[in-house]
Amino acid sequence: MDLTGINPNINVVVIIPARFDSIRLPGKALMEIAGKPMICHVVERAREAQNVGSVVVATDDLRILDIVQRFGYQAVMTSSEHRSGTDRVAEVAEKLPDARIIVNLQGDEPLISPRTIESAIDALVADADAGVATTWEPLHFASEILSPDVVKIVIGKSGRVLYFSRAPVPYPRDAVRRHGSLEAALNSEPTIFEGFRKHTGLYVYRREVLLNFARWPEAELERAESLEQLRALEQGVKIKAVKARSEAIGVDTPEDLERVRALVGSGVSKLVTK
């Protein structure tokens with residue numbers, strides 16, 4: 001792995017895992033948005049975060065490596081055998097022994113706010129007992145709460161994560177009894193929405209926690225929910241959660257891509273990423 005140009009002596013490194021293959025949108029990392037590939041938009045958002053020292057794309061595809069480097073950004077090749085983006089990030093982090101904090105930033109969020117990245121890093125730094133920080137957003141539609149594709153996050157009064165689930169948690173039992181179903185309860189009592197939060201895929205790790213995470217075996221809850229972050233909770237890692245500074249727009253489908261292109265073209269993205 002060539003880490004030329006990456007300064008291992010800085011405190012915070014953002015690592016963006018990027019594969020070419022994608023089930024719903026193959027090659028999305030290199031799809032054009034306003035004249036440049038999506039992955040480069042993500043790099044630029046990360047570089048705008050004031051408490052980030054270095055940003056690197058970790059990929060197993062020479063096409064992604066080449067285009068990122070041609071735009072003047074840092075990228076390294078990693079193993080093609082990784083099962084998850086977290087494992088890919090850990091491979092790079094292991095080569096940066098002096099970095100204290102590693103940010104795992106998804107490569108399909110070209111409009112993520114740099115302020116969200118900053119807030120998550122600050123939250124981890126401020127909580128000495130936490131090993132990971134992550135982010136959440138409000139939920140606005142009953143369909144999101146009911147969908148197993150939208151991961152819900154349960155947070156305690158201290159701001160620490162209690163659980164992640166694809167199920168609608170915390171479950172408003174009394175309201176459901178009043179209205180007959182969760183969907184009816186949500187439609188009848190809009191205040192119930194305030195109890196639900198959507199987990200977003202930004203993670204900030206203390207480096208040693210990330211490296212341990214990659215070595216731990218898959219956990220039972222992780223298998224049941226197909227959520228790898230439950231591995232950390234089962235191992236007793238304390239996870240701090242902070243509200244995202246603006247709502248992210250992930251690109252998973254052709255429709256998502258067109259929406260992002262329209263926002264960038266209209267100039268709205270400049271407001272979203274503040």
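Colleague: How much of the contacts with a separation of 6 or more comes from residues 24 or more positions apart?
Modeller: In this predicted model, such residues make up 70% of those contacts in the protein chain.

Colleague: Okay, and how many helices and strands are there?
Modeller: The protein chain has 12 helices and 11 strands. Its radius of gyration is 19 Å, close to the 19 Å from the globule rule for 274 residues, so the chain is as compact as a globular protein of that length.

Colleague: What does the C-alpha trace span along its principal axes?
Modeller: About 60 × 45 × 35 Å.

Colleague: Switching topic: what share of the residues is buried?
Modeller: Of the 274 residues, 54% count as buried.

Colleague: Which way do the residues of β1 point?
Modeller: Val12, Val14, Ile16 and Ala18 point one way, while Val13, Ile15 and Pro17 point the other way. Side chains in a regular strand alternate between the two faces of the sheet.

Colleague: And which strands does β1 pair with?
Modeller: One is β6, residues 101-104, in the parallel sense over four bridges. Another is β4, residues 54-59, also parallel, over six bridges.

Colleague: What about Val13, what stands opposite it in β6?
Modeller: That is Ile102. In β4, the bridge partner of Val13 is Ser54.

Colleague: Last one: how many positive and negative side chains are there?
Modeller: There are 35 positive and 38 negative ones, and the centres of the two sets lie 4 Å apart.

Notes: Residues are numbered from 1 along each chain as its sequence is written. This is a predicted model: local features need pLDDT of at least 70, side-chain atom pairs count only at pLDDT 80 or more; totals for chains, interfaces and linings use all residues. Side-chain values use heavy atoms; hydrogens and water are left out. Helices (H or I, at least four residues) and strands (E, at least two) are DSSP runs, numbered from the N terminus. The radius of gyration is taken over C-alpha atoms; the globule rule is 2.2 Å times the number of residues to the power 0.38. Buried means under 20% relative accessible area, exposed over 50%, partly exposed in between (1.4 Å probe, protein chains only). Contact means heavy atoms within 4.5 Å. Lys and Arg count as positive and Asp and Glu as negative; His and the chain ends are not counted. The place of a charge is taken as NZ of Lys, CZ of Arg, CG of Asp or CD of Glu. Two strands pair if DSSP finds at least two bridges between them.
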